[in-house]
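Biologist: Please take a close look at one part of this predicted model, namely the interface, and describe how it is made up.

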Amino acid sequence: MEELNIQNQRDTMNSSSKLVLYNFSHSSCSWRVRFALKLKGLDYEYKAVNLVKGEQFSREFEQVNPLHYVPVLVDGDVVVSDSLAILLYLEEKYPQRALLPDDHQRKALNLQVASIVCSSIQPLHMVTLAKHIEEKVGPEEGILWALSIIEKGFYALEKLLKDFATRFATGEELYMADMFLAPEIDTVAKRYNIDMSAYPILNRVYEAYKTVPEFLAASPEAQPDAAFFTPPA
Amino acid sequence: MAESGESKLKLYSYWRSSCSQRVRIALNLKGLDYEYIPVNLLKGEQKNPDFLKLNPLGYVPALVDGEIVIADSFAILMYLEEKYPQHPLLPSDLQKKALNHQASNVVCSNIQPLQNIAVLNYIKEKVGPDEVIPWVQSHINKGFAALEKLLKDCAGKYATGDEVSMADLFIEPQILGAITRFNIDMTQFPLLSRLHEAYSELPAFQNAMPENQPDAPPSSVTS
C-alpha cells in the first residue's frame with residue numbers, strides 16, 4: 001500500500017500531465033474515474049477535496065464545480081463533472097484501452113449497468129440521504145434503508161449479468177460496467193458488511209477486481225489523502 | 001406511429017413514465033417509426049413473464065430493434081444516437097457533450113430516483129403519508145436549483161444551446177412531472193420555466209407527452 005501511495009504521489013508531481021482530477025479518496029464516484037485513468041495510462045494531478053471537512057463548499061472549489069460535488073476532471077480548457085460524464089469524455093478523447101465494447105448490445109449493457117449503479121443504487125444510499133432518513137425515522141433506519149437499496153440493486157444486477165460467465169462483468173476485459181461495479185461493491189461490502197455470497201456473479205467479479213493492479217492503485221487507501229479520512233462511526 | 005409489421009423498432013412504454021417519455025421524444029426527433037407496446041405499471045404488467053423474458057429487470061422503457069433489446073433510457077438514447085445519427089442529440093464539441101451528460105444525470109441520478117414508486121411507498125410507510133410530497137418537493141427543488149446553476153451560462157434557446165440536445169430530453173419530462181404531480185412552484189426556476197415553454201412549441205415533444213400516448217386513460221386528456 002505504501003508503494004502505491006508513493007507512485008500516486010509521483011503521478012501528481014508529473015508536471016507535464018495536463019489532466020487534473022479533483023476528487024476524494026473515499027468517494028466511490030471518484031474511484032470510478034481513478035480506475036479508468038489508470039487503465040488508460042493517463043497521468044493526472046491529484047487535487048484532494050475533503051468531503052468530510054466540507055471542502056466541496058469552499059470558494060476555490062465552487063469555481064471548479066458550482067454544484068459542489070466530486071469528481072471533477074480538468075483537461076486544459078475543458079471541465080467535466082459527474083463520473084459518468086467524465087468517463088464518456090475520457091472514452092472519446094483518449095480511446096486507448098477502450099471501455100466500451102464495439103457491439104451495440106454489449107455496449108448498451110455496459111451503459112445500463114453504469115446507469116443502475118449511478119442512478120438506482122449509489123445516490124439512494126449515499127451518506128447525506130441515509131442521514132436524512134435517520135433524522136426523519138430513527139437511528140437504525142439509515143442503515144436498514146441503505147441495505148434494502150443495495151439488496152434490490154444487487155439482485156437486479158445479478159439478473160442482468162446472468163448470461164456472462166466471464167472474468168469480468170461483460171467479458172474477459174474490463175469495461176465501463178466494471179468501472180461502476182468495482183468501487184460500488186467494495187465500498188458497500190465493507191461499509192455495511194454485506195454477505196457477498198448472496199450475489200454469486202457480483203462476488204465472482206469482485207474477486208477478479210481484487211487481482212487488478214489498476215483497481216488497487218485507484219482504491220481509497222492508496223490515495224494521497226487517504227490518511228485524512230476517518231470512517232463513520 | 002407505424003403500422004406494425006413494417007417498423008422494426010418496438011418501444012415498451014408506460015404513458016406516464018418520465019423515462020419512457022425521454023425515449024419517445026428522441027424517436028420523434030429522429031423521425032423513427034416505432035410500434036408502441038404499453039406496459040401498465042400500476043397493474044403490474046412489467047412482471048408479465050413474456051416481458052421479463054425480454055427484459056429481466058422488468059423496467060420501462062425497453063427498446064427492441066431486431067435482435068437487439070435495450071432497457072434503461074440512457075442506454076437506449078446512446079444506442080439510438082449511434083445507430084440512427086440523423087438529428088444528432090449530442091453536440092460534437094466535447095465540453096458541450098459532457099455538459100449534456102452532466103445535466104441528464106442531475107435528473108436521472110439526483111432527482112428521478114428519489115421519486116420512484118418504491119421510494120415514495122417507503123417514505124409513506126416509515127415517515128408518514130403527509131411526508132411524501134414534502135420529501136419529493138425538497139429533492140426536486142434541490143435538483144432544479146442545481147440545473148439552473150449548471151445551465152445558466154450555456155443555455156440558448158434550449159438547455160445547452162440553440163439546438164435541442166440530450167439534456168432537454170431528460171429535463172422536460174422531469175419538469176412536467178414536477179408540475180402535474182408534485183405541485184412545484186416553477187417561478188423559482190426562470191431558466192427551466194423558459195425551456196418548458198420552448199418545448200411546448202415542438203411537435204416532437206408534444207407528441208411524446210403522456211396524455212398523447214395510446215395507453216393514456218381518457219380522463220387524462222386535457223383540452
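**The interface in detail**

Modeller: Four salt bridges (side-chain nitrogen of Lys or Arg within 4 Å of a carboxyl oxygen of Asp or Glu) are found across the interface of chain A and chain B in this predicted model. In one salt bridge, the side chains of A:Lys107 and B:Glu82 come together at 2.8 Å, N to O. Strand S4 (78-81), H4, helix H5 (104-125), helix H6 (127-137) and helix H7 (141-160) of chain A each contribute at least two residues to the side that touches chain B; these are DSSP runs, helices being H or I of at least four residues and strands E of at least two, numbered from the N terminus. H5(A) gives the most to that side, 12 residues. The side of chain A that touches chain B comprises 22 nonpolar, nine polar and 10 charged residues (Ala, Val, Leu, Ile, Met, Phe, Trp, Tyr, Cys and Pro count as nonpolar, Asp, Glu, Lys and Arg as charged, the others, Gly among them, as polar).

In total, 41 residues of chain A are in contact (heavy atoms within 4.5 Å) with 39 residues of chain B. The two chains bury about 3500 Å² between them, 63% of it on carbon and sulfur atoms; buried area is the accessible area (1.4 Å probe) lost on assembly, summed over both parts. On the chain A side, A:Leu67, A:His104 and A:Gln112 lose the most area to chain B, together 16% of what that side buries.

Residues are numbered from 1 along each chain as written, and chains are lettered from A in written order. Totals for interfaces use all residues, and side-chain values use heavy atoms, without hydrogens or water.

Technical notes: This is a predicted model: local features need pLDDT of at least 70, side-chain atom pairs count only at pLDDT 80 or more; totals for chains, interfaces and linings use all residues.
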